[in-house]
Amino acid sequence: MGAHAVDGDPATRWGSAYADPQWTSVDLGVVRALTRVRLRWKVAYARAYRVETSTDGASWTTVWSTTTGDGGVDELTLSGATGRHLRIDGTQRGPTGATRCGSCRSGDHRRVPARQ
């Protein structure tokens, strides 16, 4: 994952390539309960995307999805989700080009370590 996607600074961002699909993930270090994800999209955003979790970084479970993303801030409530890894899997970009997500955060409100 790009370091800027989880640095907590709304002035920075992670940007995808100009192609579908694109994804980014973070290793949270230990398996934990995940209750909320906040995505702050820049002008470019994902129209269709999934939030996925994994305990091993290889096998993924979809815990939230949409095909009608419209940018802005998405406050996603997760129910019963657990995982060590969290992935945002963008399957369709919005009309502005590359997906750009600034300040993607997991729901436990602790600073999430950035992984490249």
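A salt bridge here is a side-chain nitrogen of Lys or Arg within 4 Å of a carboxyl oxygen of Asp or Glu. By that rule, Arg84 and Asp27 form a salt bridge, with their closest N and O atoms 2.6 Å apart. The pair links distant parts of the chain, Arg84 being in strand S5 (residues 73-93) and Asp27 in strand S2 (residues 22-41), 57 residues apart. The model is predicted: local features need pLDDT of at least 70, side-chain atom pairs count only at pLDDT 80 or more, and totals for chains, interfaces and linings use all residues. Residues are numbered from 1 along each chain as its sequence is written, and side-chain values use heavy atoms, with hydrogens and water left out.

**Strands and pairing**

- Strands are DSSP runs of E with at least two residues, numbered from the N terminus, and two strands pair if DSSP finds at least two bridges between them.
- S3 (residues 46-54) runs antiparallel to S5, and 8 bridges join the two.
- Within this pairing, Ala48 has Gln92 of S5 as its bridge partner.
- S3 also pairs with strand S4 (residues 61-66) in the antiparallel sense, over 5 bridges.
- The hairpin formed by S3 and S4 has 6 residues between the strands, and Gly57 in the turn has a positive phi of about 80°.

**Burial and the nonpolar core**

- Buried means under 20% relative accessible area, exposed over 50%, and partly exposed in between (1.4 Å probe, protein chains only).
- S3 is mostly covered, with 7 of its 9 residues buried.
- A nonpolar core is a set of buried Ala, Val, Leu, Ile, Met, Phe, Trp, Tyr and Cys residues joined through side-chain atoms within 4.5 Å.
- The largest such core has 15 residues, and those with the most contacts inside it are Val37, Leu39, Tyr49 and Val51.
- S2, S3 and S5 are the elements that give two or more residues to this core, and S2 contributes the largest share, 6 residues.
- Contact means heavy atoms within 4.5 Å; leaving aside neighbours within four places in sequence, the contacts of Val51 include Val37, Val63, Trp64, Leu76, Leu86 and Ile88.
- Leu28 belongs to strand S2 and is buried, at 6% relative accessible area.
- Leu28 and His85 lie 57 residues apart in sequence, yet their C-alpha atoms are 5.8 Å apart in space.

**Salt bridges**

- The whole structure holds 7 salt bridges.
- Arg50 and Glu52 form another salt bridge, the closest N and O atoms being 3.2 Å apart.
- Arg50 is partly exposed, at 30% relative accessible area, while Glu52 is buried at 5%.
- Glu52 also meets Arg87 in a salt bridge, at 2.6 Å from N to O.
- This second Glu52 pair links distant parts of the chain, with Arg87 in S5 and Glu52 in S3, 35 residues apart.
- Both Arg87 and Glu52 are buried.
- Salt bridges that share partners join Arg50, Glu52, Arg87 and Asp89 into one network.

**Aromatic rings**

- Rings of Phe, Tyr and Trp (its six-membered ring) pair if their centres lie within 6.5 Å, and the count comes to 2 aromatic pairs.
- Trp41, Tyr49 and Trp64 form one aromatic cluster.
- Arg87 lies over the face of Trp23, at 5.4 Å from the ring centre; a charge sits over a ring if NZ of Lys or CZ of Arg is within 6 Å of the ring centre and within 35 degrees of the ring normal.

Notes:
Rings of Phe, Tyr and Trp (its six-membered ring) pair if their centres lie within 6.5 Å; planes under 30 degrees apart count as stacked, over 60 as edge-to-face and the rest as tilted. Helices (H or I, at least four residues) and strands (E, at least two) are DSSP runs, numbered from the N terminus.
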